[in-house]
There are 2 protein chains.
Amino acid sequence: MNIGEAARASGVSAKMIRYYEQSGLIPKAGRSAAGYRDYSTTDVHMLRFVRRSRDLGFSMAEIEELLQLWRDRSRQSADVKRIALARIADLRRRIEEMEEMAATLEHLASCCSGDKRPDCPILADLEQGEAGKPRRSRGAIDSAP
Amino acid sequence: MNIGEAARASGVSAKMIRYYEQSGLIPKAGRSAAGYRDYSTTDVHMLRFVRRSRDLGFSMAEIEELLQLWRDRSRQSADVKRIALARIADLRRRIEEMEEMAATLEHLASCCSGDKRPDCPILADLEQGEAGKPRRSRGAIDSAP
DNA sequence: GGTGGGGCTTCCAACCGTGGGAAGGTCAAG
DNA sequence: CTTGACCTTCCCACGGTTGGAAGCCCCACC
């Protein structure tokens, strides 16, 4: 099977397949007489495994670990579970931080009454710490285009 | 406050502060007589917000938009609110996606016995198909690059 | 006055993951 | 045989962050 066929069958782009192979995530594929990579259905399986793992947010290092467990007959599901649980903990942590961020933004939004009054209490609060230092001549925001 | 103090106070490295300034994400800091960047507590607040946003996976463009809330006081409250609400909605959507991911992983982990038995449901799901066939011998076919 | 540490600048590099594109060879159908 | 689709390798770009090096300037301290 060509790399293109394997790509279509697995959902991993040919570019990514070559990248995964080159970076050692997946084993080097066999070659045809003309030098074309040749893939078996088992290879497609493995590629699907990789894609699904990536969709679930596993890092390359974690996927490498998972792939080894997948290929290893004497794999222990405890190892797999450990990786999955670590991944879950990471997700939970990030979700919590994003909740905090959203709360901050909501507080900010609630400050802005929505009319044209520009006096936002948060801005006032931020400014009051060091209100009297006019040193900043940042008038022109100078945004580079 | 010079850049080192601002870095320590905000949790953003001095290098990142310069990078943010150079890329236009944050306004150019005022300079002392000797050319040192000078930061106020308001600037430190802004840097902290950038750091949090960055940790939460916001893109630079999004953070730039978020920073408008702080930076541009002459903005109409309606505009501010619109941007904030859009970002909040986006944040909530991401949180939901991540929660789905975590739920999937948790389900798989809960089905995983975590012992030595080789039939791990996590791997089965990642595989999304059947497997078990031995790979074709893929030795060092493609040798030195 | 000297000195150390930190600031200033610019450049160059790397990391992950993905994609685009060029230059050249190969396969399969017409 | 020609043609178009495919393959190969190689380089480059992104976003975001960090590291380092080089060379100069400045501030605080003794």
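**Entry 1. DNA strand C**

Which of the 16 residues around DNA strand C come nearest? I looked this up in a predicted model, in which local features need pLDDT of at least 70 and side-chain atom pairs count only at pLDDT 80 or more, while totals for chains, interfaces and linings use all residues. Residues are numbered from 1 along each chain as its sequence is written, chains are lettered from A and ligands numbered from 1 in the order in which they are written, and side-chain values use heavy atoms, with hydrogens and water left out.

The residues that come nearest are Lys15(A), Met60(A), Arg18(B), Arg31(B) and Arg37(B). A residue is taken as near a strand if one of its heavy atoms lies within 4 Å of it. Of the atoms of DNA strand C that come within 4 Å of the protein, sugar and phosphate account for 70%.

I then listed polar contacts, meaning pairs of N or O atoms within 3.5 Å; within protein, one atom must be able to donate a hydrogen and the other to accept it, and residues adjacent in sequence count only if both atoms are side-chain atoms. Arg31(B) places a polar side-chain atom 2.7 Å from a phosphate oxygen of DNA strand C. Tyr36(B) has a side-chain N or O atom 3.1 Å from a base nitrogen of DNA strand C.

I assigned elements by DSSP runs, numbered from the N terminus: helices are H or I of at least four residues, and strands are E of at least two. Both α2 of chain A and α1 (3–10) of chain B supply at least two residues of the surface near DNA strand C. The most comes from α2(A), with four residues. By class, this surface divides into eight nonpolar, three polar and five charged residues. Here Ala, Val, Leu, Ile, Met, Phe, Trp, Tyr, Cys and Pro count as nonpolar, Asp, Glu, Lys and Arg as charged, and the others, Gly among them, as polar.

**Entry 2. DNA strand D**

I repeated the search for the other strand. Around DNA strand D there are 19 residues, of which Gly4(A), Lys15(B), Met16(B), Arg54(B) and Met60(B) come nearest. Sugar and phosphate make up 66% of the atoms of DNA strand D that come within 4 Å of the protein.

Which atoms of Arg18(A) lie 2.8 Å from a phosphate oxygen of DNA strand D, side-chain or backbone? I found a polar side-chain atom of Arg18(A) at this distance. For Arg37(A), a polar backbone atom is 2.8 Å from a phosphate oxygen of DNA strand D. The elements giving two or more residues to the surface near DNA strand D are α1 (3–10) and α2 (14–22) of chain A and α2 (14–22) of chain B. I noted that α2(B) gives the most, with four residues. The surface near DNA strand D has eight nonpolar, five polar and six charged residues.

I next examined Glu21(B), which is found in helix α2 of chain B. Is Glu21(B) buried or exposed? Glu21(B) is buried, because its relative accessible area is 6%; buried means under 20%, exposed over 50% and partly exposed in between (1.4 Å probe, protein chains only). A polar atom of its side chain lies 3.4 Å from the backbone nitrogen of Ala29(B). Not counting residues up to four places away in sequence, Glu21(B) touches several residues, among them Pro27(B), Arg31(B), Arg37(B) and Tyr39(B); contact means heavy atoms within 4.5 Å.

Pro27(B) is in the loop between α2 and β1 (30–31) of chain B. Pro27(B) counts as buried because its relative accessibility is 4%. Pro27(B) and Leu67(B) are 40 residues apart in sequence, and their C-alpha atoms are 9.9 Å apart in space.

Chain A has six helices and two strands, in the order α-α-β-β-α-α-α-α. Of its 145 residues, 39% count as buried.
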